[in-house]
Amino acid sequence: MMSLTLVRRIKARPSIVFDAITTAEGIAHWWGPDTGPVLVAEADARVGGRFRVRFRTLDGLEHESSGEFLEVIRPERVAMTWRWLGGVEDPGESRLEITLRSVSEGTELTLIHSRLHDEVSRLSHEGGWAGALDKLERQFLQPAPKVRSPSAM
Amino acid sequence: MANYQDRLDRTFGALGDPTRRAMLARLERADGASVSELAKPFSIKLPAVMKHLDVLADAGLVTRSKSGRVVTVRLRPQPMREAMEWLRHYERFWSESVDRLVGYAESKETEARSKRR
């Protein structure tokens with residue numbers, strides 16, 4: 001099982017961060033790996049509700065991901081399933097969990113994208129993924145310039 | 001790029017076994033090892049070792065070369081780089097997205113505070 005974790009501190013109260021994550025209007029402002037536009041943003045933030053985001057990256061390609069909300073606890077936590085449309089990036093279904101914690105300066109956000117490459121990790125499950133890639137990263141790879149070391153676990 | 005997912009599947013599949021990961025780690029420390037040297041730390045029989053090596057070779061993670069009666073196994077890290085690169089796509093996606101989320105949420109916070117005054 002492979003996952004990716006990211007933690008950030010934000011100078012905004014949890015309810016504002018939560019709305020930025022769970023409303024179509026909010027999502028349209030930040031979603032995507034570069035400054036390319038968000039073309040479609042839909043979010044029905046309740047358990048069983050769906051989200052769908054379509055965006056264009058600066059290389060001109062369009063990408064779409066969608067999923068279902070599994071947990072919605074305002075303003076603390078949201079969990080959803082995740083799938084890329086067309087399955088180019090990753091054919092399987094993964095899981096996204098975002099937890100917000102109130103801190104003195106505002107909010108500490110923890111994002112975990114897990115079950116990446118799920119079918120494959122299921123096949124090789126007895127091996128156990130925890131730490132494997134992280135270790136291999138340290139063992140085999142020289143740090144690439146201008147790319148931050150992945151926080152893969 | 002048609003075989004990209006196949007290659008990733010093979011790489012991740014090969015890496016999903018602790019014995020094979022230990023073999024790779026061993027090969028990383030030494031510049032190549034014979035099959036019997038590789039087999040030594042494991043309480044498994046030679047045919048099982050050969051089977052693991054087949055999986056690693058299929059994934060392109062090791063090469064084998066024969067000189068006389070000795071087969072030397074060497075690490076080939078390229079597929080690993082590709083696997084890491086795949087993971088980096090996600091890392092970049094979230095890192096960049098969350099950077100903008102931070103900017104957006106902080107501007108909303110400033111807005112909310114100025115309204116209150």
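Q: In what order do the three strands of the open sheet in chain B stand?
A: A word on conventions: this is a predicted model, in which local features need pLDDT of at least 70, side-chain atom pairs count only at pLDDT 80 or more, and totals for chains, interfaces and linings use all residues. Residues are numbered from 1 along each chain as its sequence is written, while chains are lettered from A and ligands numbered from 1 in the order in which they are written. Helices (H or I, at least four residues) and strands (E, at least two) are DSSP runs numbered from the N terminus, and two strands pair if DSSP finds at least two bridges between them. The pairing in this sheet of chain B is antiparallel, and the order is E1-E3-E2.

Q: Why is one side of E1 and of E2 in chain B left without a neighbour in the sheet?
A: Recall that the order in chain B is E1-E3-E2. Strand E1 (33–34) and strand E2 (62–67) stand at the edges, and one side of each is left without a neighbour because each has a single partner strand.

Q: Which residue in E3(B) is the bridge partner of B:Arg64?
A: E2(B) pairs with strand E3 (residues 70–75) of chain B through six bridges, in the antiparallel sense. Within E3(B), the bridge partner of B:Arg64 is B:Val73.

Q: At about what angle does H4(B) run to E2(B)?
A: Contact here asks for C-beta atoms, placed from the backbone, within 7 Å. Helix H2 (residues 18–29) lies across E1, E2 and E3 of chain B at about 90° to E3(B). Helix H4 (residues 46–58) lies across E2 and E3 of chain B, and its angle to E2(B) is about 120°.

Q: How many nonpolar residues are in the contact of H1(B) with H5(B)?
A: Helix H1 (residues 4–15) of chain B packs on H5(B) at about 105°, with the axes 10 Å apart, and these helices are therefore roughly perpendicular (65 to 115 degrees; under 35 is roughly parallel, over 145 roughly antiparallel and the rest oblique). B:Arg7, B:Leu8, B:Thr11 and B:Phe12 in H1(B) meet B:Pro79, B:Met80, B:Glu82, B:Ala83 and B:Trp86 in H5(B). Ala, Val, Leu, Ile, Met, Phe, Trp, Tyr, Cys and Pro count as nonpolar, Asp, Glu, Lys and Arg as charged, and the others, Gly among them, as polar. By class, the contact of H1(B) with H5(B) has two charged residues, one polar and, for the nonpolar ones, six.

Q: Which residues in H4(B) does H2(B) meet?
A: The axes of H2(B) and H4(B) come within 10 Å and cross at roughly 75°. That makes H2(B) roughly perpendicular to H4(B). From H2(B), B:Thr19, B:Arg20 and B:Met23 take part, and in H4(B) they meet B:His52, B:Val55 and B:Leu56.

Q: Which residues touch the most other members of the largest nonpolar core?
A: A nonpolar core is a set of buried Ala, Val, Leu, Ile, Met, Phe, Trp, Tyr and Cys residues joined through C-beta atoms within 7 Å. A residue is buried if 20 or more other C-beta atoms lie within 10 Å of its own, exposed if 12 or fewer, and partly exposed in between, with C-beta atoms placed from the backbone. The core has 51 residues, and those touching the most other members are A:Val17 and B:Ala105.

Q: Which helix gives the largest share of this core?
A: Among the 51 residues of the core is B:Ala105, which touches A:Ile10, A:Ala12, A:Ile16, A:Val17 and A:Ala20, leaving aside residues up to four places away in sequence. Back to the core with its 51 residues: the largest share, 13 residues, comes from helix H5 (residues 78–116) of chain B.

Q: How many of the nine residues of H1(A) are buried?
A: The buried residues of H1(A) include A:Pro14, A:Ile16 and A:Val17. Helix H1 (residues 14–22) of chain A is mostly covered, and of its nine residues the number buried is seven.

Methods:
Contact = placed C-beta atoms within 7 Å. Axes fitted to C-alpha atoms, helices over the stretch in contact; angles between N-to-C directions.
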